[in-house]
There are 2 protein chains.
Amino acid sequence: MTVAPRNEPLRFRDLAEVAEAVRRDGGRLSMARRLVLEALFAADALVSAEQIAAGAHTGTAIEIASVYRNLERLEELGVVRHVHLGHGPGLYGLVGDGEREYLVCEGCGRVTAADPARLDRARAAIRADLGYEARFTHFPIHGLCDDCAPAERRR
Amino acid sequence: MTVAPRNEPLRFRDLAEVAEAVRRDGGRLSMARRLVLEALFAADALVSAEQIAAGAHTGTAIEIASVYRNLERLEELGVVRHVHLGHGPGLYGLVGDGEREYLVCEGCGRVTAADPARLDRARAAIRADLGYEARFTHFPIHGLCDDCAPAERRR
């Protein structure tokens, strides 16, 4: 399975800090919302709503509709973000101190999380040649990684 | 709605040419497959499987499962390709003489189809800086177009 490493420092240290931020924004920390957040803190990679609903990280299952509702609201509050790594469902994670952009290998499924600065030259080329301000935080770059690209060329 | 223009010359001129290619490859041109192809020839943009199933371009509805099955097989035969332009379903089109890569504006939903050569500099930068051989034919570049990016910066 394709998983994205969570290699960025989180914006919130623990559940209490998120709870405080959610409360400041007028949001409640219902039991379902608490379980969603616990799952996100427990996971060491980005997770799907289905995994959270199944209780994969907390041992407690929740209604899938409730998971999606809470993820959406937490995203509006700036606590959660999601990324689409391919044909599958979106993957969710806690917002970190620094944004990450993603590259997905269509050969081996490897996911690379990159500091946005590493894509600045590509972004400048896209801006100059096509007039687009590209960002790869939500929909990543697809292609072949440096292991798979040479193998493809040899075929 | 987000639509991608079909601005490339097609590899097959008409249904008879596709039928011939499908037959050479050992495939049959069942009624469902014929309707799928007729829809693709009639559409002036990429279309979803749902639109084909609803008979949007032919006036004849087909089972959605049959549409997906036929699209998959036609894709294996090199007649059809698909692209994911965002959160929605994949969009299908006939394979053209030249591949196109796509950019999607997350502001206004505009889709730009680009000749791959126009992304060569971006591709070179991604190769040099991250070791990936990027392609934007199946999963496009997301960002803000030249109308929306300045508006975003002003906010």
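Mentor: In chain A, 3 strands make up an open sheet, ordered S1-S3-S2, with antiparallel pairing. The edges are held by strand S1 (47–48) and strand S2 (80–83) of chain A; each has a single partner strand, so one side of each lacks a neighbour in the sheet. S1(A) pairs with strand S3 (residues 91–94) of chain A through 2 bridges, in the antiparallel sense. Within that pairing, Ser48(A) lies opposite Leu91(A) in S3(A). Keep in mind throughout that this is a predicted model.

Along the principal axes, the C-alpha atoms of chain A fill a box of roughly 55 × 35 × 25 Å.

Now the interface. Chain A brings 36 residues to the contact, and chain B brings 36 residues. Together the two chains bury about 3200 Å², with 59% of that area on carbon and sulfur atoms. On the chain A side, the residues that lose the most area to chain B are Leu130(A), Tyr132(A) and Phe139(A), which together account for 23% of what that side buries.

Polar links also cross the interface. The rule finds 14 residue pairs in polar contact between chain A and chain B, both residues being at pLDDT 80 or more. Several elements of chain A each supply at least two residues to the side that touches chain B: strand S4 (101–105), strand S5 (111–114), helix H5 (120–130), strand S6 (133–134), strand S7 (141–144) and helix H6 (148–154).

S6(A) is joined by 2 bridges to strand S7 (residues 141–144) of chain B, and the two run antiparallel. Here Ala134(A) stands opposite Gly143(B) in S7(B).

Next come the charges. Side chains of opposite charge can pair when their charged atoms come close. Between chain A and chain B the rule finds 4 salt bridges. One salt bridge joins Arg135(B) to Glu106(A), with 3.7 Å between the closest N and O atoms. Over all chains, a search of the whole structure finds 22 salt bridges. In the pair that crosses between chains, Arg135(B) sits in the loop between strand S6 (133–134) and S7 of chain B, and Glu106(A) sits in the loop between S4 and S5 of chain A.

Last, the symmetry. Chain A is superposed on chain B by a rotation of 180° with 0.0 Å of shift along its axis, at an RMSD of 0.0 Å. The two copies are therefore related as by a two-fold rotation axis. In chain A, Ala122(A) has the C-alpha nearest the axis, 2.2 Å from it. Of the interface residues of chain A, 100% are also interface residues in chain B, so the copies meet through the same surface.

Notes:
Residues are numbered from 1 along each chain as its sequence is written. Chains are lettered from A and ligands numbered from 1 in the order in which they are written. This is a predicted model: local features need pLDDT of at least 70, side-chain atom pairs count only at pLDDT 80 or more; totals for chains, interfaces and linings use all residues. Side-chain values use heavy atoms; hydrogens and water are left out. Contact means heavy atoms within 4.5 Å. Buried area is the accessible area (1.4 Å probe) that two parts lose on being put together, summed over both. A salt bridge is a side-chain nitrogen of Lys or Arg within 4 Å of a carboxyl oxygen of Asp or Glu. A polar contact is a pair of N or O atoms within 3.5 Å; within protein, one must be able to donate a hydrogen and the other to accept it, and residues adjacent in sequence count only if both atoms are side-chain atoms. Helices (H or I, at least four residues) and strands (E, at least two) are DSSP runs, numbered from the N terminus. Two strands pair if DSSP finds at least two bridges between them. Copies are superposed by least squares on the C-alpha atoms of residues with pLDDT of at least 70 in both.
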